[in-house]
Amino acid sequence: MLTCHACSKRYLRAILGDSPTILSPLICRAPTIRRHYVTESPESSPTSHPLAETQSIGTEEDRVKHGKEHNGNPKSTSENKKEDSISKYAIEQHLKYLTDPLKLADYIRKILRDDGFPTAQAIVRAASKSMSCTVSWNHLIDWQLSREKMNAALSTYNEMKKRAQIPDAHTYSIIFRGFTNNPHKSTALAKGLALYHSMLAEKSKVKPSTMHMNAVLKLCARTGNMSALWGIAAQMPEKGNGSPDSLSYTTILNALRLEAVSDFRGDLTPMQKRQNVEKALLSARRLWAEISKRWRKGDIFIDEELVCSMGHLLILGNQVDCDDVLSLVEQSMNIPRQTPRLRVKHHDTVSQNFNQEIRAIQSPKVTPKNSEENINETPVADIFNRLTVPESIPMTSSAYAKPGNNLLSLIMQALLKLKLMGVATKYWEILTGRLGVKPDGENFHAYLRLLRLARASAESVRIIQQMDAADIQVKTFRIAMASCDRDKNNPNVFANAGKLLDLMENSLPLPDVPTLQKYLEVALSVASGTKQASSATEFEQSKHDRGKQILRALTRLRPPFINLRSFLAYGDPSSTVRDAISKDTEYISGILQLARKMMGSYHLLIEQRLIGTEHHPGIQDERHTLNSFVDRYTRSKKIGGTTRTVNRWIDPRRRKQPPQTGRYSRPTSYPSKIPKWKSTSPGEVNTKSAEIMKDPLVKSREII
């Protein structure tokens with residue numbers, strides 16, 4: 001119409017007036033309609049007006065609002081921010097160099113290590129369009145399950161299948177393992193069993209293997225659902241893929257033991273608890289008969305973990321069951337028994353009838369293909385007989401399980417319950433000597449408990465000298481010192497206790513208070529247990545030796561006690577142990593109790609005249625020092641972080657008073673009529689004191 005630009009401006013100014021928008025060159029352009037934001041016709045839409053083009057609709061709220069209307073799937077602002085955290089260009093650049101699925105999986109694992117799950121998920125989603133990245137999806141599921149996000153992991157698993165990424169066997173193993181470690185046991189078990197049964201369907205591309213079944217068995221054992229566990233075990237074939245291995249049997253035996261132990265903490269009667277243990281033991285014995293049968297045929301290998309699982313379950317029973325542990329070790333590890341087999345009849349007919357009833361109830365209904373393979377043909381009492389080497393395995397030591405630290409602890413626990421100290425020493429020498437098992441801390445402590453039972457103080461000292469510094473703990477010296485306390489008839493027990501005290505001072509950063517108390521008790525009890533002398537001379541000599549021993553013990557206890565007192569007062573500047581000890585009232589009371597026992601021992605030396613009079617002044621000084629320490633901590637106790645002072649009466653004459661103006665003036669805080677002298681020179685103190693003591697009021701003052 002108008003070709004001149006100036007004429008067109010004048011024409012528009014006459015119509016619209018003096019508006020600044022006419023100066024913009026965009027007004028002359030054809031109006032554009034953003035169709036991806038429009039939900040109604042252009043005639044009724046506010047964007048159809050030419051002036052509306054100058055208004056901004058790109059705010060965050062408008063974009064979220066129009067995004068809801070366009071996509072039909074409402075999303076929160078936080079989700080949009082997560083998706084927008086990595087742009088499409090960045091994803092394309094990542095995939096440009098991550099063309100190999102292995103490199104992609106390594107990069108995804110690196111991102112997840114830094115908690116970059118949104119970025120990793122966006123990259124995996126984009127990569128699923130062009131390649132098979134099952135391993136990367138496995139990393140995403142594993143990361144979510146490690147953060148206890150069970151429902152989110154299942155959503156990722158379903159999304160993985162929707163994107164044509166086929167889950168493999170490792171995917172199901174990761175899911176079952178994550179369900180096992182999830183704190184919500186009942187929910188995890190339900191979802192895990194549903195997933196397991198989906199693998200058994202005909203259209204399932206991944207069938208459950210032995211690894212998957214072991215994971216499901218562990219999930220059932222953790223939740224304590226024995227019905228589901230036996231149901232899964234019944235579906236396992238005898239041979240081929242999915243047949244039980246040593247780990248399967250170990251899981252079942254551990255589940256039986258946990259079920260029996262959990263009954264101890266309940267409100268059941270002792271008879272009911274014993275019945276539950278008998279049921280668990282009978283089921284375990286039947287299961288071990290099947291294990292030994294398959295082991296003889298060479299279908300499975302047995303290891304130390306399987307043997308110890310059965311052994312720990314047998315320890316829960318009576319002495320006959322504990323004795324079967326040695327037969328179990330002989331059968332599975334070719335270690336001969338060091339003691340004859342224990343044959344003990346039942347004490348009464350009631351328990352015998354009960355065992356027969358349990359055998360009738362718990363006997364499994366197995367229908368094998370061949371009658372000769374029926375495990376019920378093997379009596380329950382003979383399942384631990386020594387077996388020959390499996391037929392398909394050569395006559396080598398590898399046919400048997402290899403012993404280790406777990407087996408050594410098992411044997412020590414069984415022999416502790418049987419109270420067979422000599423047999424324990426033989427097994428200890430065989431395992432640690434000929435078989436080359438290096439004992440750990442738990443092995444040493446289990447053997448020390450047996451030595452405590454046998455009152456072997458010298459052997460306890462020798463064992464502690466063989467221990468590594470990392471294995472020595474506080475309980476090490478408590479157990480060994482208890483062995484010395486029980487070995488009172490040994491004339492060398494006090495020397496053994498002194499060696500333990502030296503080892504404790506060189507091993508522990510802080511002396512153990514109960515061990516020091518037990519050492520003093522050993523000195524007193526052993527000394528008091530001397531034989532009665534036949535003559536007066538021998539009696540005096542025995543009395544003198546007793547005093548020397550007690551004095552020697554008190555002298556040995558002085559340096560550790562000084563260390564305890566200094567540590568309690570000042571602490572260690574390089575550690576925070578003092579903060580915990582200063583608030584531990586039991587620890588402080590133990591130190592005070594040790595000090596009182598030392599004071600009583602000093603009093604015993606003087607009262608019974610066990611030492612010469614030339615030692616009395618030094619003993620009195622030591623006793624006064626200990627008394628001052630106890631009195632100071634008794635008067636001022638730290639309770640709950642506050643200091644409570646115990647007020648005791650103090651003679652007013654010993655208190656420092658300000659100088660008074662009158663001779664008999666009294667402070668207002670002391671209502672008693674006690675004369676006070678005014679300030680005097682040093683030369684007049686004795687004279688004034690004598691005059692005051694003659695006052696009848698002072699003599700009649702009652703000291704409370």
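This is a predicted model: local features need pLDDT of at least 70, side-chain atom pairs count only at pLDDT 80 or more; totals for chains, interfaces and linings use all residues.
Close-up 1. Helix α22 itself covers residues 474-486, and its 13 residues reach 19 Å from the first C-alpha to the last, which is close to the 18 Å expected at 1.5 Å a residue.

**Close-up 2. The stacked pair of W428 and Y447.** A pair of aromatic rings is described by the distance of the centres and the angle of the planes. A search of the whole structure finds seven aromatic pairs; in the pair of W428 and Y447, the ring centres are 4.4 Å apart and the planes lie at 5 degrees, so the pair is stacked. W428 belongs to helix α19 (residues 421-434) and Y447 to helix α20 (residues 441-453), so that this pair, whose members are 19 residues apart, links distant parts of the chain. W428 counts as buried because its relative accessibility is 6%, and Y447 counts as buried because its relative accessibility is 1%. Together with F444, the residues W428 and Y447 form one aromatic cluster.

**Close-up 3. The stacked pair of F494 and Y519.** The rings of F494 and Y519 form a stacked aromatic pair, with 5.7 Å from centre to centre and 20 degrees between the planes. Because F494 lies in helix α23 (residues 493-507) and Y519 in helix α24 (residues 513-528), the pair ties together parts that are 25 residues apart in sequence. Both F494 and Y519 are buried.

**Close-up 4. A nonpolar surface patch that includes Y11.** The residues Y11, L12, I15 and L16 make a nonpolar surface patch of about 390 Å². Of these residues, Y11 lies in helix α1, which spans residues 5-16, and Y11 is partly exposed because its relative accessible area is 44%.

**Close-up 5. The whole protein, as context for the views above.** The protein contains 30 helices and two strands, and of its 704 residues, 39% count as buried. Where contacts between residues at least 6 apart in sequence are considered, 64% of them join residues at least 24 apart. The protein exposes about 41600 Å², of which carbon and sulfur atoms supply 52%.

Notes. Residues are numbered from 1 along each chain as its sequence is written. Side-chain values use heavy atoms; hydrogens and water are left out. Helices (H or I, at least four residues) and strands (E, at least two) are DSSP runs, numbered from the N terminus. Buried means under 20% relative accessible area, exposed over 50%, partly exposed in between (1.4 Å probe, protein chains only). Contact means heavy atoms within 4.5 Å. Accessible areas come from the Shrake-Rupley method with a 1.4 Å probe; for residues, only the protein chains shown count as cover. The expected span of a helix is 1.5 Å times one less than its number of residues. Rings of Phe, Tyr and Trp (its six-membered ring) pair if their centres lie within 6.5 Å; planes under 30 degrees apart count as stacked, over 60 as edge-to-face and the rest as tilted. Patches are made of residues with over 30% relative accessible area and no salt bridge: like charges are joined within 9 Å, nonpolar side chains (Val, Leu, Ile, Met, Phe, Trp, Tyr) within 5 Å. A salt bridge is a side-chain nitrogen of Lys or Arg within 4 Å of a carboxyl oxygen of Asp or Glu.
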